[in-house]
Amino acid sequence: MADFDEELDASGLNCPLPILRAKKALAGLDTGKVLHIIATDPGSVKDFEAFSKQTGNELMESKEEGGKFHFLIKKA
Amino acid sequence: MEQKKLAIIATKGSLDWGYPPFILGSTAAALGYEVEIFFTFYGLQLLKKDLDHLRVTPLGNPGMPMPGGMEKWMPVLVTALPGMEAMMTSMMKKQMKEKGVASLEELRELSQEAEVRFIACNMTVELFDMEPSDFIDGIELAGAARFFEFAGDADICMYM
């Protein structure tokens with residue numbers, strides 16, 4: 001997994017909390033900084049793709065590892 | 001790109017139906033939408049400071065899954081017995097907690113933080129003798145024409 005600037009653990013949280021928490025965390029980052037999100041909600045895979053498309057924040061990586069979902073999102 | 005707009009009319013005042021307006025409102029705001037929710041009739045219950053009074057009922061709700069698949073054989077009249085509503089409400093709250101579903105209060109707070117605007121229907125507030133002071137802060141009291149001022153330009157309009 002590439003480098004990141006901040007981490008958000010949304011494990012155990014269900015829709016729409018991972019997205020809402022990610023949005024908040026991104027608001028506190030400067031453009032170009034990368035947020036690493038950890039989630040356990042399987043719906044978050046499609047949700048973060050959709051979030052990225054609609055907000056313009058690039059989804060650099062999306063993968064499953066050890067039963068958790070990991071996302072890297074670059075602040076636009 | 002011009003900001004998209006979502007207009008929601010929230011008409012239901014139960015624990016289960018309180019969720020859709022706040023889930024969709026807060027999510028749309030996170031996606032960059034400008035959002036207004038117009039609360040009318042029983043939907044006004046969702047604006048009260050304390051939401052502990054909200055209930056979910058199995059009565060007249062054949063689609064509600066119950067523990068052990070009870071809904072498949074339980075006579076409808078049984079769902080009307082005293083204590084059923086309180087029991088189903090506490091079970092639903094427990095289940096939500098276990099599954100990491102946010103509380104209504106949390107989703108409402110996140111919506112307001114994300115600048116979702118809440119409008120309480122003035123007519124129904126008066127009809128039910130409700131006290132605006134029982135509502136959370138930041139509520140606008142207004143009528144149907146005020147709703148259309150925003151909804152008329154909205155990209156999506158939902159009635160819940």
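## A bridge in chain B

In strand β3 of chain B, B:Arg117 is the bridge partner of B:Glu36. The two strands concerned, β2 (residues 34-39) and β3 (residues 117-121) of chain B, pair in the parallel sense over 4 bridges, where pairing requires that DSSP finds at least two bridges between two strands. Helices (H or I, at least four residues) and strands (E, at least two) are DSSP runs, numbered from the N terminus.

## Basis of the model

This is a predicted model, in which local features need pLDDT of at least 70 and side-chain atom pairs count only at pLDDT 80 or more, while totals for chains, interfaces and linings use all residues. Residues are numbered from 1 along each chain as its sequence is written, and chains are lettered from A and ligands numbered from 1 in the order in which they are written.

## The sheet of chain B

Chain B has an open sheet of 5 strands with parallel pairing, in the order β4-β3-β2-β1-β5. Strands β4 (139-142) and β5 (156-159) of chain B stand at the edges with a single partner strand each, so one side of each is left without a neighbour in the sheet. From one strand to the next, the twist averages 20 degrees.

## Strand β2 of chain A

In chain A, strand β2 (residues 34-39) is largely enclosed by the rest of the structure, because 5 of its 6 residues are buried; a residue is buried if 20 or more other C-beta atoms, placed from the backbone, lie within 10 Å of its own. Strand β1 (residues 6-10) of chain A pairs with β2(A) in the parallel sense over 5 bridges, and A:Glu7 stands opposite A:His36. Strand β4 (residues 68-74) of chain A runs antiparallel to β2(A), joined to it by 6 bridges, and here A:His70 is the bridge partner of A:Ile38.

## Where the chains meet

Between the chains, 11 residues of chain B are in contact with 11 residues of chain A, contact meaning that the C-beta atoms of two residues, placed from the backbone, lie within 7 Å. Helix α1 (residues 19-30) of chain B supplies the largest share of the chain B side, 4 residues.

Helix α1 (residues 17-27) of chain A packs against α1(B) at an angle of about 35 degrees, with the axes 10 Å apart; axes are lines fitted to C-alpha atoms, for helices over the stretch in contact, and angles run from 0 to 180 degrees between N-to-C directions. In this packing, A:Ile19, A:Leu20 and A:Lys23 meet B:Ser26, B:Thr27 and B:Ala30.

Key
Buried ≥ 20, exposed ≤ 12 C-beta atoms within 10 Å, placed from the backbone.
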